[in-house]
Every structure is written in C-alpha cells, then in structure tokens.
Amino acid sequence: MLKSFNALLVRDLKLAARVGGSGVMGLIFFLMIVTLIPFALGPDLNLLSRIGPAILWIAALLATLIGLDRLFQADQEDGSLDLLRLSHTPMEIVVLAKVIAYWLVTGLPLALAAPFLGFLVALSPEAMLAMVATLLVGTPALTFIGAVGAALTSSLRRGGLILAILVLPFMIPTLIFGVSAANAAVGGTIPFATPFLVLVALSLIAAVVGTVGAAAALRSGE
Amino acid sequence: MRLSVNNLACERGERRIFEGVSFTLSAGEALVITGRNGAGKSSLLDILAGRLHPAGGAILLDEAGERTLAECLHYVGHRDALKAALTAEENLTFARDFLGNPALKPREALEAVGLAHAARLPVAYLSAGQRRRVALARLLVAHRPFWLLDEPTSALDTASQETLRLILERHRENGGMIAASTHSPLFLKDAKEIQLERTKIPPPSAGEG
C-alpha cells in the first residue's frame, strides 16, 4: 500500500515537472494577481500593507484553484483512473497521494514565495513571516476541499468553472481565519494563536473530509 | 481460480444492451467476445472490471483467496492509460510499483513487445500502434491472473498481432485467464466464444399509448 502511494506520488511530481505540468503555472499566476492589485489601487503604501494579507490570501486561493480541475480529469481522460481503480490500494490512498503531490507543487511554493511577493504590497517583516505560516497550514485545506470538487467534475469536459462555483463557498472559512491570523500577527486585539489554531483545525478536518469525499465521488462516477 | 458469470444483463441510459450472458472461465481458458458495434462488448468488459454495475445477474469468483476480482485483473481498454509526458519505461515502472506483484522489469516487458528502443522516449512521440504495445507491455510488468482486453489488436500490425498471440498463449499456459473483445480473429487455441446480440426491443402492444 505504501509502495503504491509512493509510486503515485512520484509519478504526479514527475508529471508536474514535465512540459505542460501545473507546477510553475500556479506560482506565476499568483505573482500576476499580486502584481496587478497595486496597479489598480495606486501607490498608497499604508493601504497596501493593511490589505496585503488579504490580497495574498485571495491570490493564493485563486492560484490553488486554477489547476485543480485537471487533478482527476487528466487521469479520467487517458484511462489512468481505471488503472488506479484496479489496485488493492483503497481509493482514499490514491486521492491522498494525488492531493499531496498537488499541494507540493502548488501550495508549498505559494507559501514559500509569499515573503517576496509581500514586498509588492509593502508588508512588514512580521507580516511576511505570518503570511508564510498561515499559507503553509492553510493551503492544504484549500487543496483538500478543492479535491472533492475536482473528483465530482472529473468526467465533465469543461468542469473548471463548475468546480470553482462548487468549492469556493466552502473555502470561505479558511480565507477568514487565514487572513485574520495574518492580521493578528501585526497587531490587533486578538492573539495570533487563536485564529491560527482554528486554521490548523480547518486543514485537518478538510484532510479527512476531502479525502473520503473525493474517493467516494471517484468511486460512484462511471 | 474460476470465474462464473450467470445471466448477466446490462443497461445503459435505461436501454437494455444485452441480457442472459452466461459463461465460466477456469485457469488457462480464454474467452473471445464478438458482436456488432454497439452490441455491448466493451460494456461487458466494463462490468467485469467493476466500472459498470450490471442490471442483473451475478459474477462469482472462486478459489481466489481474499482477493477481489478487481485485484486479480489487468484491463487494457481503448484508452491506453499512459501518461504522454512520461517515457514508456517510466509509465511501466509506475504500473509495476502501483499494481503490486511485480513480474518482468519494464525493460524486459518492452523487449517482449519489441519496443526496447523506445524505452526512453516520451509516450507522446509514439504512434498509435506503439502506444498500444506499451499498454500491452503493462500486462507483463505486474502479475495478474485475469486479463481483460478490449480489442487488443486495434492499431497493431501483423507482426505485433502475432507477438500478442504468443504472449496470450504463454499467459494461458501459466494458468492465466483471458477475456477479449475483438472484431478480427485472435487465433487463440480452443478459446470459448460468445457472440453478443442486442436485446430485441419488444414491439409496442396494441391498445397502449
């Protein structure tokens, strides 16, 4: 079972690194959104540093979403999903391996790149650190929630938009606590730990519900 | 190991495709499924692979230990389940590690289908027939007793068809079972054959409607 898990994880990481993989794409998209916002708002540094965490979080959310529709669809189209079904490995493990691989090539780079993009929205050093921490523990929740939508829309040809409509409402709690934890780090009335721990809890819940939900969706789908 | 299928029926989109399909397969036996386009050959294989639920009937697997039917079978369908960005060898390495019960090494399996020279090429660069052969090489990298093949000879040239026949016969000699749907003859030794017929739609009875 562990061997199957590793095999799938390695395969997906390889695919992401090859031509047309989603690895770098999400990161560039993230950069684009964060770059565009100061152009739209104007060079008001105070305003930018105040809403900076929110901008970074929205950008991270959209960047996570952009390649998510291909998570299971690519396997569905070329028949690989049938191969994945024929294993002694439960579907949950398959989902877990694919989601972790997806997070390693999208969520993790986003979190690590956050300090550099923080410069663009005039974040203070503490805020940058808080951004890295919140994105690091928050993006898994986004990916796992998205995986359920990706599994449900895997057999639809243009499932991307439906996927976004399906999963965005469920990502709101993660967004709220992610941004409030990042804001709490630079001042405010609540301590950093309170929203941060709720964010951790959200990620853990999403990991369980998302894995089981996506596996059920893949099993029932033709 | 023994597979018995009893009175199987299939429905797709509320239309009965076939019904009353029964056969048994024991170790070393092969089943060739023929029929017109749309007669339900692929659907029958899909049901055996667990991708579709039968509308009626039963599939029984005996003497297989604790393994489920899905864990006993290889399925090579129309979609070849290969990743275009990975090389032929990488695709097979993944299948070997993922499916468990490893048999031949990816290199050896590619040699067996005559594609040793293409091992390091991304599958995207291969022709339809070569991709089909890589997909068939997957049969050899992991040991599974029951092979489900959906038109295995499509896109294969004559020489490759002969190679495939030899691979299938060797699998049967080792106690394997094969169910293949096909339009062109596979030339398998004393293979069972079933021909699928589309269920006649009963004429509407008078007085109704």
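## The second largest pocket

In this predicted model, the second largest pocket is lined by 24 residues. Those nearest its centre come from both chains: Arg85(A) and Arg219(A), together with Ala49(B), Gly50(B) and Arg51(B).

The space within the second largest pocket amounts to about 480 Å³. Sorted by class, its lining holds twelve nonpolar, seven polar and five charged residues.

## The interface between the chains

The size of an interface is often given as the accessible area lost when the parts come together. Chain A and chain B bury about 2,300 Å² between them, and 60% of this area is on carbon and sulfur atoms. Contact between the two involves 24 residues of chain A and 24 residues of chain B.

## Polar contacts and salt bridges

Six salt bridges are counted between chain A and chain B. One of the salt bridges joins Asp78(A) to Lys83(B), with 3.0 Å between the closest N and O atoms.

## The chain A side

On the side of chain A that touches chain B, helix H1 (2-17), helix H4 (70-78) and H5 of chain A each supply at least two residues. The largest share, seven residues, comes from H1(A). By class, this side of chain A comprises eight nonpolar, six polar and ten charged residues.

Key:
Residues are numbered from 1 along each chain as its sequence is written. Chains are lettered from A and ligands numbered from 1 in the order in which they are written. This is a predicted model: local features need pLDDT of at least 70, side-chain atom pairs count only at pLDDT 80 or more; totals for chains, interfaces and linings use all residues. Side-chain values use heavy atoms; hydrogens and water are left out. On a 1 Å grid over the protein atoms alone, a cavity is a set of points where a 1.4 Å probe fits but cannot get out, and a pocket is an open set with protein on both sides within 12 Å along at least five of seven lines; lining residues have an atom within 4 Å of a point. Grid points are joined across faces, edges and corners, and a volume is the space filled by probe spheres set on the points. Ala, Val, Leu, Ile, Met, Phe, Trp, Tyr, Cys and Pro count as nonpolar, Asp, Glu, Lys and Arg as charged, and the others, Gly among them, as polar. Contact means heavy atoms within 4.5 Å. Buried area is the accessible area (1.4 Å probe) that two parts lose on being put together, summed over both. A salt bridge is a side-chain nitrogen of Lys or Arg within 4 Å of a carboxyl oxygen of Asp or Glu. Helices (H or I, at least four residues) and strands (E, at least two) are DSSP runs, numbered from the N terminus.
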